[in-house]
Amino acid sequence: MKWDISTDMKIQTEIIGTGIYAPGKAITNSELIELSGVEFDVEKFESKLGIKSRHIAKYRGLNETTADFATRAAEAAIANAGLEPEEMDMIIVATDTPEYISPATSVVVQGRLQKGQQYCYTYDVSAGCASFGLAYDNAVRIMATDQTIRYALVVGVYNMPSFIHDDSKYTLPVFSDGAGAVVIKNQGNGLHLASQMLTDGTQYDFIGIYKGGARHQPTIKDIEAKTYGLESLKPLPGDRNVDLWPDLTEKLLDKAGMSVDEVDHFFFTQINADVIKRVMGILNQPLEKTTMIMDRYAYTGSGCIPMAMHRAIQESRIKKGDKVLMMASGAGLAVSSNLLVY
């Protein structure tokens, strides 16, 4: 069945502000080797993954973590929208590296932004690195059913370096700190056209943070053996996203009754430039229709899509009225995809 986006799928919301935050001065690959003492294949990271620099708070001596990054990005997005924090009726934080297990990071951010009690939807979304797309979808759908929600703030934030061992040559160069935020206006001039999520929970034990939850508490033995923090238990399939993203794109566009050529810009998980290039080739789309920021920020998980969007807007790569596709994969396996008119 084809959907008519003029009637069936229309959710009239508009992204009116964006903002990002990355802590401290950028750290190049060569400087990271000096700071960490960990040797890694710089040429591979730069030529294949596209990663040339990143921001990591602890290596700049900054006492900042997830809630700090999220608050800074949120403040920037709210200012960019020309609004005040008190005008946010919904605050969703998308992350799998929360400030605490409980309370929710969004609650902490709300307190910092709005300085006290307020009528405000506030919750976290955790679906690995697919969290931002799911949080965005949540926000626009709730807004469609409640016209009293004027503005929603959705923040994607990542602090995986806090969970990585300093001697890990495989993960240390990839993961980075950062946050991106968007302010969404209810009944604005944009449109939410469609979303499509994909999940495979049988892959839960590939990569993740397995100690610290209800099942496993870290012990002294874990700390001594360094079996805590981010753990890669099974190798991830190398072509997983190359196989998944084109099919998921087709399903998403079918929902909206659109062709791939009608999409003006694509945003994908910012971890591997080579994968994005291959996917754009499969979709038969020019690279000019996508934005890649891993050269500047490395991989910022749930923060990477809104951070890339912010950069694309600032660099005039997308403009009002453009049809934008967002797609992100996260551990679990969870994949989120969204189609909107910016």
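## Packing of helices α7 and α8

In this predicted model, helix α7 (residues 240-256) packs against helix α8 (residues 273-282) at an angle of about 35 degrees, and the two axes lie 9 Å apart. Helices (H or I, at least four residues) and strands (E, at least two) are DSSP runs, numbered from the N terminus. Axes are lines fitted to C-alpha atoms, for helices over the stretch in contact, and angles run from 0 to 180 degrees between N-to-C directions. The crossing of α7 with α8 is right-handed; a crossing has this hand if the near helix is turned clockwise from the far one by less than a right angle, and is left-handed if anticlockwise.

On the α7 side, the contact (heavy atoms within 4.5 Å) is made by N241, V242, W245 and P246, and on the α8 side by V275, I276, R278, V279 and I282. These residues divide into seven nonpolar, one polar and one charged. Here Ala, Val, Leu, Ile, Met, Phe, Trp, Tyr, Cys and Pro count as nonpolar, Asp, Glu, Lys and Arg as charged, and the others, Gly among them, as polar.

## Basis of the values

Residues are numbered from 1 along each chain as its sequence is written, and side-chain values use heavy atoms, with hydrogens and water left out. As the model is predicted, local features need pLDDT of at least 70 and side-chain atom pairs count only at pLDDT 80 or more, while totals for chains, interfaces and linings use all residues.

Helix α4 (residues 105-114) is mostly covered, with seven of its 10 residues buried. Buried means under 20% relative accessible area, exposed over 50%, and partly exposed in between (1.4 Å probe, protein chains only). The buried residues of α4 are T105, S106, V108, V109, Q110, L113 and Q114. Among the elements that cover them are α3 (66-80), β4 (90-94), β5 (121-125) and β6 (151-159).

The loop between β4 and α4 contains P103, and the peptide bond from S102 to P103 is cis, with omega near 10 degrees. Just after α4 comes K115, with a positive phi of about 65 degrees, although K115 is not a glycine. K115 is found in the loop between α4 and β5 and counts as exposed at 68% relative accessibility.

Just after α10, S316 takes a positive phi of about 60 degrees, although S316 is not a glycine. S316 is placed in the loop between α10 and β12 and is exposed, with a relative accessible area of 63%.

A cis peptide bond joins G332 and L333, with omega of about 0 degrees. L333 is found in the loop between β12 (323-330) and β13 (334-341).

D222 is found in helix α6 (residues 220-225). D222 is buried yet has no salt bridge, and the nearest side chain of opposite charge, K211, is 4.4 Å away. A salt bridge is a side-chain nitrogen of Lys or Arg within 4 Å of a carboxyl oxygen of Asp or Glu. Lys and Arg count as positive and Asp and Glu as negative, while His and the chain ends are not counted. Leaving aside residues up to four places away in sequence, D222 touches K211, Q217, T227 and Y228.
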